[in-house]
Amino acid sequence: MVSASQRTALVVIDAQRAFVDHEGSLARAYGIADVQPGVAALSRLCRFVREHRANGPTIFVRSEYGPGQFTNGELNHEMAYVCVPGRNVDCE
């Protein structure tokens, strides 16, 4: 058993659908093959979180971006709305 003084928080940053889902911006822009490494990593992450929940809290952090942030303001680019809340499935 882990004592309160030995508990460790796990911080998970940017585990978003944009990078692991066929409907996410990355797959739509570059193809489903580009998200396969993320899908494999997500599977490992989910297993790790399940197995280590008793060791301390898990904190999920997500980045939210503005339209055109990574496309030099070009809003017609397929990645123009990557991780823009409410625009697509990316932030889910």
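Trainee: Let's start in the middle of the chain. Where is the place of Leu45?

Mentor: Leu45 sits in helix α2, which covers residues 36-52. Keep in mind that this is a predicted model.

Trainee: Why does Leu45 count as partly exposed?

Mentor: Its relative accessibility is 23%. Buried would need a value under 20%, and exposed a value over 50%. Leu45, at 23%, falls in between, so it is partly exposed.

Trainee: What is Leu45 in contact with, leaving aside its neighbours within four places in sequence?

Mentor: Its partners are Val12 and Ala15. Contact here means heavy atoms within 4.5 Å. Between Leu45 and Val12 the sequence separation is 33 residues, while their C-alpha atoms lie 8.8 Å apart.

Trainee: Now Gln16. How do you know that Gln16 is buried?

Mentor: Gln16 has a relative accessible area of 2%. Buried means under 20%, so Gln16 is buried. You will find Gln16 in the loop between β1 (10-13) and α1 (25-30).

Trainee: Which residues is Gln16 in contact with, leaving aside its neighbours within four places in sequence?

Mentor: Arg62, Ser63, Cys83, Asp90, Cys91 and Glu92. Take Asp90 from that list: Gln16 and Asp90 are 74 residues apart along the chain, with 6.1 Å between their C-alpha atoms.

Trainee: And Asn72, why does it count as exposed?

Mentor: Asn72 reaches 83% relative accessibility. Asn72 belongs to the segment after β2 (58-61). Its phi is near 55 degrees, a positive value in a residue other than glycine. Asp14, in the loop between β1 and α1, likewise has a positive phi, near 60 degrees.

Trainee: Which residues make up the largest nonpolar core?

Mentor: There are 9 of them: Ala18, Leu26, Ala27, Ala29, Val35, Met79, Val82, Cys83 and Cys91.

Trainee: What makes a set of residues a nonpolar core?

Mentor: Its members must be buried residues of nonpolar kinds, among them Ala, Val, Leu, Met and Cys, joined through side-chain atoms within 4.5 Å. In soluble globular proteins, nonpolar side chains tend to be buried together. One member here, Ala29, touches Glu78 and Met79, not counting residues up to four places away in sequence.

Trainee: Zooming out, what pattern does the protein chain follow along the sequence?

Mentor: The order is β-α-α-β, from 2 helices and 2 strands.

Trainee: How does the radius of gyration of the protein chain stand against that of a compact globule of 92 residues?

Mentor: The globule would come near 12 Å, but the protein chain has 16 Å. The C-alpha atoms fill a box of roughly 55 × 25 × 20 Å along the principal axes. Buried residues make up 26% of the 92 residues.

Trainee: What share of the contacts with a separation of 6 or more comes from residues 24 or more positions apart?

Mentor: Those pairs account for 54% of such contacts in the protein chain.

Technical notes:
Residues are numbered from 1 along each chain as its sequence is written. This is a predicted model: local features need pLDDT of at least 70, side-chain atom pairs count only at pLDDT 80 or more; totals for chains, interfaces and linings use all residues. Side-chain values use heavy atoms; hydrogens and water are left out. Buried means under 20% relative accessible area, exposed over 50%, partly exposed in between (1.4 Å probe, protein chains only). Helices (H or I, at least four residues) and strands (E, at least two) are DSSP runs, numbered from the N terminus. The radius of gyration is taken over C-alpha atoms; the globule rule is 2.2 Å times the number of residues to the power 0.38.
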